[in-house]
Amino acid sequence: AAQGGGGAVRAQRGPLLRRIARRHFLQGQHKAAEARLNEALVAFEIERQPLEGYTDGALAWRSQLMRLAHLRKVFLPFSRWPQPGGPPPTAPEERRLAEVATCYELLSQIYLMNHRIRLADYCARRSLALGLRLASLAPVVARAYADLLAVTAATGGSRRAVAYYKAQGLGAWRPL
């Protein structure tokens with residue numbers, strides 16, 4: 001019985017850390033929020049270590065892979081998109097995806113405020129990828145596009161890329 005209770009506590013660790021981080025974020029305690037969000041991602045078993053532990057090269061590689069996957073979806077006709085095999089995510093898995101996407105979205109904002117652009121880019125892309133997996137359009141998708149818009153503008157990205165992220169972000173807000 002003790003193991004079952006421990007498993008339940010372990011399952012709630014990620015969401016609890018995310019909520020604590022949000023409170024720190026809203027109070028302007030960004031370092032504490034960043035630490036709790038990194039702990040949450042490890043608790044969710046999404047990341048093996050806090051994001052600061054990755055090299056710039058590793059983050060660039062991960063961001064590039066997500067960028068290519070997103071472009072593939074944008075430019076392939078819908079009928080040629082890979083169809084998910086198996087049943088849609090269960091309600092608990094849906095909540096878990098939303099929690100993790102929110103962790104990355106908050107981290108993206110924190111990293112952007114601290115001019116840690118590569119980390120902000122990586123987190124915004126992860127948030128977007130996870131948000132797009134949700135069964136219904138979630139606010140996290142629109143916020144991820146807004147974060148990508150800010151990252152692209154901050155790095156001197158093309159006007160076309162800035163316009164794309166702006167249009168996608170506004171388009172994601174309309175149905176909400």
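Predicted model: local features only at pLDDT ≥ 70, side-chain atom pairs only at ≥ 80, totals over all residues.
Local features need pLDDT of at least 70 and side-chain atom pairs count only at pLDDT 80 or more, while totals for chains, interfaces and linings use all residues. Residues are numbered from 1 along each chain as its sequence is written, and side-chain values use heavy atoms, with hydrogens and water left out.

**View 1. Helices α5 and α6 side by side.** Here you can follow α5 (residues 117-132) and α6 (residues 139-154), whose axes come within 8 Å and cross at roughly 155°. The two helices are therefore roughly antiparallel (an angle over 145 degrees). Contact (heavy atoms within 4.5 Å) involves residues including I117, A120 and L128 of α5 and V140, Y145 and V151 of α6. The contact residues divide into twelve nonpolar, two polar and three charged (Asp, Glu, Lys and Arg count as charged; Ala, Val, Leu, Ile, Met, Phe, Trp, Tyr, Cys and Pro as nonpolar; the others, Gly among them, as polar).

**View 2. Y104 meets Y122.** The ring centres of Y104 and Y122 are 6.1 Å apart with planes at 85°, so this pair is edge-to-face (centres within 6.5 Å, planes over 60 degrees apart). Y104 belongs to helix α4 (residues 91-113) and Y122 to helix α5, 18 residues apart. Y104 is buried at 0% relative accessibility (buried means under 20%, exposed over 50%, partly exposed in between, with a 1.4 Å probe and protein chains only). Y122 is buried too, at 1%.

**View 3. A cluster of tyrosines.** Y145, Y164 and Y165 form one aromatic cluster. The rings of Y164 and Y165 are edge-to-face, with centres 5.3 Å apart and planes at 65°. Y164 is partly exposed at 26%, whereas Y165 is buried at 8%.

Methods:
Axes fitted to C-alpha atoms, helices over the stretch in contact; angles between N-to-C directions. Helix = DSSP H or I, 4+ residues; strand = E, 2+ residues; numbered from the N terminus. Parallel < 35°, antiparallel > 145°, perpendicular 65-115°, else oblique. Phe/Tyr/Trp six-rings, centres within 6.5 Å; stacked < 30°, edge-to-face > 60°.
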